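Please look over the model shown here.

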Amino acid sequence: IIKSQAFLGCSSIENILLPDGLKYIRERAFSGCTTLKHITLPENITKISDYSFYGCSSLESVDVGDKVEAILEYAFRDCVLLKSINIPAGVKVIEKGSFFGCASLESIELPEGLETITMDMLRGCSSLKSITVPSTALKIENSAFSDCASLESITIPKNVEDIAENAMLRCPLLTDIYYGGTISQWERLGVSTSATIHCTDVDA
């Protein structure tokens, strides 16, 4: 176990080798490690705890083990140099704000199995150009995609039943939304956007 706040604010750590047998990393364990550049999570880790890497402003890459099932709230918030992260297929929960402010994140593949695109999940990811919501998603919460300054397109499956009114605020380049349902289904969602809606299904 790495205890809560174990390395909080350790600003001189650039790399750290975690033991293979490690199972638990508690909340805020590496928060504020501003010179940490890379971390590999051992295979036995099943969740990334709250604020684990919050404010790791030099973190560029993370290797996530295949057994991870949950990424908890604000786990990678303000990791401004994080360019990519592999999210295993087994992840079923990504809590609010997990990637809030990851301004260098250029792409992210959200795994099938997610049911909620949580509040602030990708807010402020200003290098993202496109987002594909997994087919299992039912809900997109407040500000999930807000302040994504480079975002051009979003693909949303027809299973989504609820999209918060401000889910995609201040995305000035958002021009295309690809929706898996019909235009009448889209209209029932009540989303106000200037983007062009491309429906892949047709009304009967």
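In which loop does Ser52 lie? Ser52 lies in the loop between β2 and β3. Strands (E, at least two residues) are DSSP runs, as are helices (H or I, at least four), and both are numbered from the N terminus.

This is a predicted model: local features need pLDDT of at least 70, side-chain atom pairs count only at pLDDT 80 or more, and totals for chains, interfaces and linings use all residues. Residues are numbered from 1 along each chain as its sequence is written, and side-chain values use heavy atoms, with hydrogens and water left out.

**Ser52.** The relative accessible area of Ser52 is 1%, so Ser52 is buried. Buried means under 20% relative accessible area, exposed over 50%, partly exposed in between (1.4 Å probe, protein chains only). The Ser52 side chain reaches the backbone oxygen of Ser49 at 2.7 Å. Beyond its neighbours within four places in sequence, Ser52 is in contact (heavy atoms within 4.5 Å) with residues including Arg28, Phe30 and Ala75.

**Aromatic pairs.** The structure holds seven aromatic pairs. Rings of Phe, Tyr and Trp (its six-membered ring) pair if their centres lie within 6.5 Å; planes under 30 degrees apart count as stacked, over 60 as edge-to-face and the rest as tilted. Two of the pairs are tabulated here.

| Pair | Centre to centre | Angle between planes | Class |
|---|---|---|---|
| Phe53 and Phe76 | 5.3 Å | 10 degrees | stacked |
| Phe76 and Phe99 | 5.6 Å | 5 degrees | stacked |

Phe53 and Phe76 are 23 residues apart. Phe76 lies in the loop between β4 and β5, and Phe99 in the loop between β6 (93-94) and β7 (116-117), so their pair ties together parts that are 23 residues apart in sequence. Phe53 counts as buried at 1% relative accessibility. Phe76 is buried at 0%. Phe99 is buried, too. One aromatic cluster takes in Phe7, Phe30, Phe53, Phe76 and Phe99.

**Charges over rings.** A charge sits over a ring if NZ of Lys or CZ of Arg is within 6 Å of the ring centre and within 35 degrees of the ring normal. The charged end of Arg28 sits over the ring of Tyr51, 4.2 Å from its centre. For Arg77 over Phe100, the distance is 4.1 Å.

**Nonpolar core.** A nonpolar core is a set of buried Ala, Val, Leu, Ile, Met, Phe, Trp, Tyr and Cys residues joined through side-chain atoms within 4.5 Å. The largest holds 63 residues, of which Phe53, Phe76, Phe99, Phe145 and Ile156 touch the most other members. β10 (153-156), β12 (176-179) and α1 (183-189) each supply at least two residues of this core. Among the contacts of Ile156 are Val133, Ile177 and Trp186.

Terms used:
A polar contact is a pair of N or O atoms within 3.5 Å; within protein, one must be able to donate a hydrogen and the other to accept it, and residues adjacent in sequence count only if both atoms are side-chain atoms.
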